[in-house]
Amino acid sequence: MAIKLSESKKQLYINYIKLIASVINSEKPPKLPADFDWELVCRNSQRNGVANIIAYTFDKVNVKPPKTVYNVMENERRFEILKETSQIFDIEKVIQKFEENKIRNIPLKGYFMKHYYPQTDFRSMNDVDIFCERKMYKKIRACFEECGFTENKMRSANELAFTKDLIFVEVHFVIDRDQKGYYDKIWDMVKPRDDYNCSYEFSPEDFYVYMLYHASKHIKNGGIGIRMILDFYVYNRAFPNLDYSYIKEQLTELGLLKTHEKITSTAEDWFSGKLEDFDSFGEFVLYCSTFGDSEFHEALTPVGDSSASGVLRHIFRPYSQMKNIYFYLHKFPFLLPFSWVQFWFSRVFVSKDINRSYGTEKKISPEVRQRADEIINELEL
C-alpha cells in the first residue's frame, strides 16, 4: 500500500472505515460499489485487527464478499469469540492468584477496553498488560506457573512475559519508559477495583491519559493502526462526561496535547459518519498495521554514534540501561562489569544478535522518512 492514497483507493478505504463504524454504531452499512475490492479489505482488516468486526456486516451489505473472503473473515469472527472466552478465564485465574498472594496489580488498557465495546468480542486483544511491583517478581512467576503458564524468554528487567493457550501476558514493572517521571507515583493515581483488595484501576480520566500516553509510544516507535483510533471513539462514547479540563492539564504536562487533539478528531471524524476524506495523519494510520509499520520504526530509530567514544558507549552501556536488562543490578549495582560480560556473551553465542550495521544510516525510502518526520512534527512528539 502506498502512503499517499489515490482517489479510488480513498473511496475504498472510506467504505472500509464505514463498514467498521456501522457495526460499532449498530447502523446500516454503506452502499458499496459493484466492484468493491473485498480481497483488499480482507487483507487489510486482518493486519488491522478488525476483520472480526467487518464479518458482522456480511448479512447486511449490498455487495457480498466472495466465498474465500467470507470464510477467512467469518473464521476470524468465530475465533475471536473463542479466544476471548479463553483469555478472560485464564487472566482472571492469575488475578485471583495475585489476590491470594497479596500482589498489587493494575491491569492495563486492553483488559478493560474490551468491556466498553458494544460486544466484547469486537475488541481483539493480542496480549494482556499488567503493572506490578518489581519486588514481587518471584511471587509473580510462581503465580503464573501455578496457573499453567509458560514463561517466555525475559526481554528486560522491566517486564516478564508468559503464555498459555490463546493468551500472552506481559507484566510490566515500569510504565514511563521515556523517563518523564509522570508515573513514578502510580499507586497514588489508582483505586482498588470493586470486589478486589489487590487489583487496582485508574479513574476514567487517568485511564484516558494512559491511553494517549500508550498511543504516543506506539507512534514514536513506528505508528498506530485503525484499532487504536477506534478505541478512542468507543471510549469517548462509553464516558461522555469526562473532565477534559483535568485531562488537558495532564496531557500538557506530558507534552501530548497535540496528539490528543489529532487522535480524538480523527476518531470522531472516522466513526461518527462524517468521513469524506483522509488527511496525512489518516493515511499514515491506514498505512500501518495494528501496532505500526516496520519501515516507520526504522525511520524513527536514531542512528548509532559511529565514533570511537560512541562505539565504546554501545559496548559498555551505562548502569541506567543495564539495570533495565538484569534484575540483580537493582540490588547489586557493583556487578555492572559482570553484566557487560553476560550481555555480550548472550548476544554473541546464544542469540547471535550482532548488529553489523551499527552507526550506519538505514535504507529507508525518502517518502517514508519524510512522512515519519512530518507526523512526529505535526503531533509535536
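**Figure 1. Packing of helix α7 against helix α9 in the predicted model.** Helix α7 covers residues 204–220 and helix α9 covers residues 244–254. Their axes come within 10 Å and cross at roughly 35°. The crossing of α7 and α9 is right-handed. On the α7 side, the contact is formed by Glu205, Asp206, Tyr208, Val209, Leu212 and Tyr213. These residues meet Tyr244, Tyr246, Ile247, Gln250, Leu251 and Leu254 of α9. By residue class, the contact of α7 with α9 has nine nonpolar residues, one polar and two charged.

**Figure 2. Packing of helix α7 against helix α8.** Helix α8 spans residues 226–238. The axes of α7 and α8 lie 11 Å apart, at an angle of about 170°. Angles over 145 degrees count as roughly antiparallel, and α7 and α8 are therefore roughly antiparallel to each other. From α7, the residues in the contact are Pro204, Phe207, Tyr208, Met211, Leu212, His214, Ala215 and His218. From α8, they are Met228, Asp231, Phe232, Tyr235 and Asn236. The residues of this contact of α7 with α8 comprise nine nonpolar, three polar and one charged. Tyr208 and Leu212 of α7 take part in the contact with α8 and also in the contact with α9.

**Figure 3. The loop residue Lys102.** Lys102 sits in the loop that runs between α4 (67–100) and β1 (105–107). Its phi is near 55°, a positive value in a residue other than glycine. Is Lys102 buried or exposed? The relative accessible area of Lys102 is 63%, and the cut-off for exposed is over 50%, so Lys102 is exposed.

**Figure 4. The loop residue Asp195.** The loop between β6 (190–192) and β7 (200–202) contains Asp195. Asp195 is not a glycine, yet its phi is positive, at about 70°. With a relative accessibility of 81%, Asp195 counts as exposed.

Figure 5. Of its 381 residues, 50% are buried. Among contacts in the chain with a separation of 6 or more, 70% are between residues 24 or more positions apart. The accessible surface of the chain comes to about 18700 Å². Carbon and sulfur atoms account for 52% of that surface.

Key
Residues are numbered from 1 along each chain as its sequence is written. This is a predicted model: local features need pLDDT of at least 70, side-chain atom pairs count only at pLDDT 80 or more; totals for chains, interfaces and linings use all residues. Side-chain values use heavy atoms; hydrogens and water are left out. Axes are lines fitted to C-alpha atoms, for helices over the stretch in contact, and angles run from 0 to 180 degrees between N-to-C directions. Helices (H or I, at least four residues) and strands (E, at least two) are DSSP runs, numbered from the N terminus. A crossing is left-handed if the near helix is turned anticlockwise from the far one by less than a right angle, and right-handed if clockwise. Contact means heavy atoms within 4.5 Å. Ala, Val, Leu, Ile, Met, Phe, Trp, Tyr, Cys and Pro count as nonpolar, Asp, Glu, Lys and Arg as charged, and the others, Gly among them, as polar. Angles under 35 degrees count as roughly parallel, over 145 as roughly antiparallel, 65 to 115 as roughly perpendicular and the rest as oblique. Buried means under 20% relative accessible area, exposed over 50%, partly exposed in between (1.4 Å probe, protein chains only). Accessible areas come from the Shrake-Rupley method with a 1.4 Å probe; for residues, only the protein chains shown count as cover.
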